[in-house]
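Have a look at the structure first, and then we can walk through it together.

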Amino acid sequence: MESSFYFEIITPKGKPYVAKVKSLIVPGEKGRFGVLANHPALITTCTPGKLKIREELDNELWFNTG
């Protein structure tokens, strides 16, 4: 079973991040939620807050969504 997945951040100004990642923690309208490999397809909007990305080599990145 695959342990990483393709992820991209899309904004009106372009794609500031595109990579294969292990996991995400995303701020959503009903609270933060996690996404792991093999999660069903998902298109959603984020609320202002911190988006945590764990890359394939276990580096952690944070993006401000607000």
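Lysine 52 stands opposite tryptophan 62 in β5. Strands here are DSSP runs of E with at least two residues, numbered from the N terminus, and two of them pair if DSSP finds at least two bridges between them. This is a predicted model, in which local features need pLDDT of at least 70 and side-chain atom pairs count only at pLDDT 80 or more, while totals for chains, interfaces and linings use all residues. Residues are numbered from 1 along each chain as its sequence is written, and side-chain values use heavy atoms, leaving out hydrogens and water.

| Strand pair | Bridges | Direction |
|---|---|---|
| β2 and β4 | four bridges | antiparallel |
| β4 and β5 | five bridges | antiparallel |

Valine 21 has its bridge partner, glutamate 55, in β4. Four residues lie between the strands in the hairpin of β4 and β5, where aspartate 58 takes a positive phi near 70 degrees.

As for confidence, pLDDT (the predictor's confidence in each residue, from 0 to 100) has a mean of 91 for the protein, with 100% of residues at 70 or more.
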